[in-house]
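Take a look at the charged side chains in this model. Where do they pair up, and how open are they to the surroundings?

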Amino acid sequence: VILEMSESIAPLKRPGKSSAGGPIRRASKRSSHRRGNGGKTIRMAIETVMHDLIARVKETWRARYGGEPEIVAAAPGRVNLIGEHTDYTGGYAFPAAIDRAIVAAAGRTEDPDVRGISLDFGDAECPAGRWDPRHPAMWFRYVIGVLSELEKTGVRIPGVRFIFGGN
């Protein structure tokens with residue numbers, strides 16, 4: 001997982017550079033298998049895919065919102081060769097990173113709306129705190145469902161804007 005963070009949340013930042021040039025925090029090294037050349041080749045393919053997606057998401061951010069996002073996160077896709085839904089119950093699992101990825105960019109905003117862009121499915125928005133489970137943008141329902149559940153735990157949801165991109 002690669003995270004790029006703006007200076008506004010600099011206390012979370014650690015030294016380093018992502019493949020897209022920004023500061024990074026690596027949350028997991030599971031996808032970087034080091035035996036033989038196969039792991040290196042796959043890791044390079046994943047990093048290339050993520051770099052391209054990060055660039056597309058950031059270009060869209062600049063065009064639609066201006067400036068830079070506060071945070072950019074990228075993660076490789078994965079498959080479970082065995083062990084779907086068994087790892088959290090003590091069973092065996094064999095996940096592997098693949099050459100697919102998802103990238104998210106986000107930033108706070110002064111207005112009270114939650115605005116999102118999916119590079120694949122379009123734009124969506126709603127007022128923060130007014131979570132409609134029948135929102136016409138089906139992909140956005142997942143986002144507002146998560147925000148609704150966070151709000152139920154006492155988390156205040158400010159105005160936010162974000163962009164998702166994946167392949």
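Arg64 is partly exposed, with a relative accessible area of 45%. Partly exposed lies between buried (under 20% relative accessible area) and exposed (over 50%), using a 1.4 Å probe and protein chains only. Arg64 meets Asp123 in a salt bridge, N to O at 2.2 Å. This pair links distant parts of the chain: Arg64 sits in helix H1 (residues 38-64), Asp123 in strand S5 (residues 122-127), 59 residues apart. Asp123 is also partly exposed, at 44%.

A salt bridge here is a side-chain nitrogen of Lys or Arg within 4 Å of a carboxyl oxygen of Asp or Glu. Helices (H or I, at least four residues) and strands (E, at least two) are DSSP runs, numbered from the N terminus. The model is predicted: local features need pLDDT of at least 70, side-chain atom pairs count only at pLDDT 80 or more, and totals for chains, interfaces and linings use all residues. Residues are numbered from 1 along each chain as its sequence is written, and side-chain values use heavy atoms, leaving out hydrogens and water.

Strand S5 also holds Glu125, 10 residues from Arg115 in strand S4 (residues 113-118). Glu125 is partly exposed at 43%, and Arg115 at 27%.

Now move to helix H2 (residues 138-152). Lys152 and Glu149 are three residues apart there, so about one helical turn separates them. Their salt bridge has its closest N and O atoms at 2.9 Å. Lys152 is exposed at 62%; Glu149 is partly exposed at 44%.

Shared partners join Asp111, Asp113, Arg115 and Glu125 into one network of salt bridges. The whole structure has nine salt bridges.
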